Amino acid sequence: MYLVTEHYPVYFEKDSLPYLKEFLEKKCSKRQVFVLTDTNTRKHCWPKISGMFEGFEPPKVLTVPAGEPAKNFDTVQSVWKQLLEMEARRDALFINLGGGMISDLGGLAASLFKRGLPFIHIPTSLLGMLDASVGGKTGVDFLGHKNMVGLFSNPEAVFIWDGFLETLPKEQRRSGMAEAFKHALIDNNGYWCYLKKSVHESLSYDRLIFKSLEIKKKIVDRDPKEGNERKKLNFGHTIAHAIESYALATPGHPPVLHGDAVAAGMIAESYISWKMNQLSKECLDEIREVLGGYFPRVSIQLEQVEPMLQFMANDKKNTAQTLNFTLLDCLGGAVVNQQVPAALVRESLNYYASL
């Protein structure tokens, strides 16, 4: 089974990775292959696919530290250094085997090295499967600011196999679910109803992954460079990225999982939607109850609010006096380019902190 986006196919594999094997047979018989992993996926995920490369030129595996703190230019340069030392040719295939950090960083590294190596994504986390590996965004954090530097660059293909989810700790699977909830809230009330009912019972990852990517594909195909409609996918992320950026930039601050930050962001931005008379109080209460009952609460202290607003002030979507948000007008409907006063954003953070 597969989806075809405007520029590349996304394959959904049920057993092992047969589509990947077929792709390698067609594309890699005489090509160099480089596989980017982190310390976790090198140990747990690479052994699951390494046998597929028998009969080809042996792939060279590059490994970077796991986790968001490694998503920076120092790590990108370490990837380039390894590629130079391994004499990578311009027609080599670069494979990103990992979660959202690997697809973002690896896509950027491949796209800039020798003006562009062709690459594919094999996402191994739920976050990577639902969001990061599809849509053509690449990037790294810069000076504590989340995803501040990057570019749009499409892979040749994406291969999704939910068997990799068995390698994830529970909190990482939970983190990825935030993107599923986001897709539902911005586009499909029926999907929202399925998630809120199934998330504590019999969740089908096959159905969830396909439905989320179907929604994302529809939006990205219509607006690949985020000129307008694709901004719907930013719902919850303006505040989430400020939370993550604050954690990254503050020495000794405990790490915040992306999904937990997005869940907090969606609750706070739903509050803004209500205060701006776009979302009913009943919908706000339902979102708070569902997301607050599934995701752990992110600790936000009073003294952290102003620094978080400073991080939001650097968001590329802002105007001079206000912050630009994607907000909800119903469960399953989003509106973009909503100018929100800083005072209301501050109020929304205080609302979330008070829960």
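Predicted model: local features only at pLDDT ≥ 70, side-chain atom pairs only at ≥ 80, totals over all residues.
A residue is counted as buried when its relative accessible area is under 20%.

A disulfide is a covalent bond that joins the sulfur atoms of two cysteines. A search of the whole structure returned 0 disulfides. For Cys28, the closest cysteine sulfur is that of Cys45, at 19 Å, and this separation is too far for a bond. The cut-off applied to a pair of cysteine sulfur atoms is 2.5 Å. Cys45 accordingly takes part in no disulfide, its nearest cysteine sulfur being that of Cys28.

Helix H4, spanning residues 73-85, and helix H5, spanning residues 100-112, have axes that come within 10 Å and cross at roughly 50 degrees. H4 and H5 are therefore oblique to each other, and the crossing of H4 past H5 is right-handed. On the H4 side, the contact is formed by Phe73, Thr75, Val76, Val79 and Trp80, and on the H5 side by Leu105, Leu108, Ala109 and Leu112. By residue class, this contact of H4 with H5 comprises 8 nonpolar residues, 1 polar residue and no charged residue.

The second pair consists of helix H13 (residues 305-313) and helix H14 (residues 342-353), whose axes come within 10 Å and cross at roughly 130 degrees. This angle makes H13 oblique to H14. The crossing of H13 and H14 is right-handed. H13 contributes Val305, Glu306, Leu309 and Met312 to the contact, while H14 contributes Ala342, Val345, Arg346, Leu349 and Asn350. The residues in the contact of H13 with H14 comprise 6 nonpolar, 1 polar and 2 charged.

A further site of interest is Ser212, located in helix H9, which covers residues 205-222. Ser212 is classed as buried because its relative accessibility is 0%. With residues up to four places away in sequence excluded, Ser212 touches Leu130, Ala180, His183 and Tyr191. Ser212 and Phe311 are separated by 99 residues in sequence, and their C-alpha atoms lie 29 Å apart in space.

Methods
Residues numbered from 1 in each chain as written. Heavy atoms only, no water. Axes fitted to C-alpha atoms, helices over the stretch in contact; angles between N-to-C directions. Helix = DSSP H or I, 4+ residues; strand = E, 2+ residues; numbered from the N terminus. Parallel < 35°, antiparallel > 145°, perpendicular 65-115°, else oblique. Left-handed = near helix turned anticlockwise from the far one by under 90°. Contact = heavy atoms within 4.5 Å. Nonpolar A, V, L, I, M, F, W, Y, C, P; charged D, E, K, R; others polar. Buried < 20%, exposed > 50% of the residue type's maximum accessible area, 1.4 Å probe, protein only.
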